[in-house]
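Here is a friendly briefing to read with the model open beside you. Take a moment to find your way around, and then follow the topics in turn.

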Amino acid sequence: MSYENYIEAVNVAEKHFQTWVVSLSIGFIIIAIAFLCIAISSKMPFFKITLNVLVFIFAVFMVPYCLHYAHYMIEKIEARNTLATSQSKEWQVKEKGDLASLGNTTDTVMSGVFFLGIGKVSSNQERYYAFAKKTEHGIQIKRTDEAFEDILFSDIYIQEKAAESPHYVLEVDRYKDKRVEKVLGSYRNEKRRLTFIVPEKTIKQDFQVDATK
């Protein structure tokens, strides 16, 4: 389904619902006026009979109104779901920043060269990366679990590229069509990923084998 077809489907459903609302309102007004005329001519007690009958008539008309409103909402949801499954997504850059260095929690001093490590938070064993971000006022030491709380450790990547300066990129998975994103963005959890772009040979593999076991 294209965005244009989605808008058309929603407009048709909305027009159909509005037609029913107008029809029900006119019907309620006609019956209410007719009953009031009868009540006044026959001098019925207003609070004992007339008011109760008017409330009953209103309640009777509310039943089809609620049913048509529910049908209207179902049609909108179905159109939105069809639009979501037919539209393609792409990773879009939301934030980008320069890096000064990368380190881990076992380092007491941030190294002047680029290296990569994994840290753990106390007894929770929550892994994170430590990195130094360049700002206008100087270098700030950051941790991924604090600077990017909503990103899982499994959604953090490292890429080694010789031609690019060290930096990080925060990306979000969004629909290519911005009109579709505006419609569907608030109805879903936005996927995110964080990528560190670092110089070649930044990632070092260090395997230790315990010969006593």
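H167 lies in strand β7, where a strand is a DSSP run of E with at least two residues, a helix is a run of H or I with at least four, and both are numbered from the N terminus. This is a predicted model, in which local features need pLDDT of at least 70 and side-chain atom pairs count only at pLDDT 80 or more, while totals for chains, interfaces and linings use all residues. Residues are numbered from 1 along each chain as its sequence is written, and side-chain values use heavy atoms, with hydrogens and water left out.

**A closer look at H167**

- Is H167 buried or exposed? With 5% relative accessibility, H167 counts as buried, because buried means under 20% relative accessible area, exposed means over 50%, and partly exposed is in between (1.4 Å probe, protein chains only).
- The side chain of H167 reaches the backbone oxygen of S165 at 2.7 Å.
- Apart from neighbours within four places in sequence, H167 is in contact with K96, G97, D98, L99, T195, F196 and I197; contact means heavy atoms within 4.5 Å.

**The overall plan**

- The protein has four helices and eight strands.
- Along the sequence, these follow the pattern α-α-β-β-β-β-β-α-β-β-α-β.
- Of the 213 residues of the protein, 29% count as buried.
- Among contacts with a separation of 6 or more, 67% are between residues 24 or more positions apart.
- The protein exposes about 14,700 Å², and carbon and sulfur atoms supply 57% of that area; accessible areas come from the Shrake-Rupley method with a 1.4 Å probe, and for residues only the protein chains shown count as cover.

**Nonpolar cores**

- In soluble globular proteins, nonpolar side chains tend to be buried together.
- A nonpolar core is a set of buried Ala, Val, Leu, Ile, Met, Phe, Trp, Tyr and Cys residues joined through side-chain atoms within 4.5 Å.
- The largest nonpolar core has 12 residues, including L99, Y129, F131, F148, Y168 and F196.
- Strands β7 (167–175) and β8 (192–198) each supply at least two residues of this core, and β8 gives the most, with three.
- A second, separate core has nine residues, among them Y3, Y6, V10 and L184.

**Salt bridges**

- Side chains of opposite charge can pair when their charged atoms come close.
- How many salt bridges are there by the rule used here? The count comes to seven, where a salt bridge is a side-chain nitrogen of Lys or Arg within 4 Å of a carboxyl oxygen of Asp or Glu.
- R179 pairs with E4, and their closest N and O atoms are 3.0 Å apart. This pair links distant parts of the chain, with R179 in helix α4 (residues 178–184) and E4 in helix α1 (residues 3–41), 175 residues apart.
- R179 is partly exposed at 38% relative accessible area, and E4 is partly exposed at 45%.
- K133 and E95 meet in a salt bridge of 3.9 Å, N to O. K133 sits in strand β4 (residues 130–135) and E95 in strand β1 (residues 89–103), so this pair links parts of the chain 38 residues apart.
- K133 is partly exposed, with 23% relative accessible area, and E95 counts as partly exposed at 29%.
- R193 forms a salt bridge with E171, with the closest N and O atoms 2.8 Å apart. R193 is in strand β8 and E171 in strand β7, 22 residues apart.
- R193 counts as partly exposed at 25% relative accessibility, whereas E171 is buried at 12%.
- Salt bridges that share partners join E4, D177 and R179 into one network.

**Along helix α1**

- I31 is found in helix α1 and counts as partly exposed, with 40% relative accessibility.
- Which residues does I31 touch, not counting those up to four places away in sequence? I31 touches I57 and F61.
- The C-alpha atoms of I31 and L54 are separated by 9.2 Å, and these residues are 23 apart along the chain.
- I30 is also placed in helix α1, and I30 counts as exposed at 53% relative accessibility.
- V22, I26 and I30 form a nonpolar patch on the surface, with about 280 Å² of accessible area together. Patches are made of residues with over 30% relative accessible area and no salt bridge, with like charges joined within 9 Å and nonpolar side chains (Val, Leu, Ile, Met, Phe, Trp, Tyr) within 5 Å.

Key:
Polar contact = N/O pair within 3.5 Å; in protein donor to acceptor, adjacent residues only side chain to side chain.
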